[in-house]
Amino acid sequence: MFSVDVVQGNILNRSCDLLALKHADGFYGIDARISEAIGFKAVVPKRKIRVVPGRGIEARKVAFIGVGPLVEFDYAEIRKFGQDVIFLAAKHEDVRRICMPIHGPGYGLDEAEAFSSLVAGIFDASSDEKSSRRIESVEIVEINETRARRFSSILSELLNSNWRANLGEKIQAEVPRNSFKKFGVESDLKVRLFVAMPFKDSFNDEWEISIQEAANSLNMLCERIDKSAFVGDIASEIKRRIEQYDGLIALLNDANPNVFLEIGYAWAKNKPTLLLAKEGQVLPFDVKGQRCLFYRSIADLRSKLRSELEQLQSNGILRKT
């Protein structure tokens, strides 16, 4: 019977028996930093696992779980990753405390859906008493304080409890399995929106607070492509997602040329498109005649975008295709 916590901090400095990471045909983000810190450079094929000593970091052991190409590591795979970590820990009698980062937000997936899918996978495996009886705690570690607070809030809502919950005593007793059923399993049934925007830290609030929260409140998913984390033909992947997704949201701040290319492609594919811009932003001639939501603040953008999405949804313009 173990607890699941969201912890704000640097996972490199977090003491645990097993630190669980992914190998997505390469190392990205925190996975790359830890692999470099411990000197691990091996390739881990999909569905294979390598467990190595945590040399130079606080974790005693580090597990790299092969998940295949990063672009294929979606919500269903994240849920399976959560399961795999618990099943792996069960094979090591000396593992009591597990740490892992959240996967998905760093390469453009919807952060709430990615986090919920990971928790759902952990819960899946926890129902097997044999797999979980020696484990004492699972910590999902996030270095960004604001994001960690959001994850804690999501966890509280999922567990219908405080931000800390004991799986054996609370989840199994109080939370129906249906609470976790949809995450990772039914993600493809939700309206999915592709977001075209500049990748700058100065626009993190627009992305994390306004756009994602507005969409999530209506049970929609928002995703983008982080060009720094993508390997392969990114133009083809952007086209593929625009074609397959149900609509596009475009942030016009800074007049980024790539954003306008993505808008043009979405128009060519007859995808519902929402244009957003901060008050004072001068729009170029080719979109000046189009409807655009101008906002004064992050809260104003979230409110206006939610209203617009809700109206498009109720009118049948924005729907699962």
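Which residues in H9 meet which residues in H10? In this predicted model, Ile-238, Lys-239, Ile-242 and Glu-243 in H9 meet Glu-262, Tyr-265 and Ala-266 in H10. To meet, or be in contact, is to have heavy atoms within 4.5 Å. Residues are numbered from 1 along each chain as its sequence is written, and side-chain values use heavy atoms, without hydrogens and water. Local features need pLDDT of at least 70 and side-chain atom pairs count only at pLDDT 80 or more, whereas totals for chains, interfaces and linings use all residues.

Helix H9 spans residues 234–244, and helix H10 spans residues 257–268. Helices (H or I, at least four residues) and strands (E, at least two) are DSSP runs numbered from the N terminus. The axes of H9 and H10 come within 10 Å and cross at roughly 40 degrees. Axes are lines fitted to C-alpha atoms, for helices over the stretch in contact, and angles run from 0 to 180 degrees between N-to-C directions. H9 is therefore oblique to H10 (angles under 35 degrees count as roughly parallel, over 145 as roughly antiparallel, 65 to 115 as roughly perpendicular and the rest as oblique). The contact of H9 with H10 has four nonpolar, no polar and three charged residues. Here Ala, Val, Leu, Ile, Met, Phe, Trp, Tyr, Cys and Pro count as nonpolar, Asp, Glu, Lys and Arg as charged, and the others, Gly among them, as polar.

A second pair is formed by H8 (residues 204–216) and H12 (residues 298–314). Their axes come within 8 Å and cross at roughly 30 degrees, so H8 and H12 are roughly parallel. This crossing is right-handed. Residues of H8 in the contact include Ile-209 and Ala-214, and those of H12 include Leu-301 and Leu-305. By class, the contact of H8 with H12 divides into eight nonpolar, one polar and five charged residues.

The whole structure holds zero disulfides (cysteine sulfur pairs within 2.5 Å). The sulfur of Cys-222 lies 16 Å from the closest cysteine sulfur, in Cys-292, too far for a bond. Cys-222 is buried at 0% relative accessible area (buried is under 20%, exposed over 50%, partly exposed in between; 1.4 Å probe, protein chains only). Cys-292 is buried at 13%.

Ser-137 sits in strand E6 (residues 137–142). Ser-137 is buried, with a relative accessible area of 13%. Beyond neighbours within four places in sequence, Ser-137 contacts Phe-2, Ser-3, Arg-96, Arg-97 and Ile-98.

How values were computed:
A crossing is left-handed if the near helix is turned anticlockwise from the far one by less than a right angle, and right-handed if clockwise.
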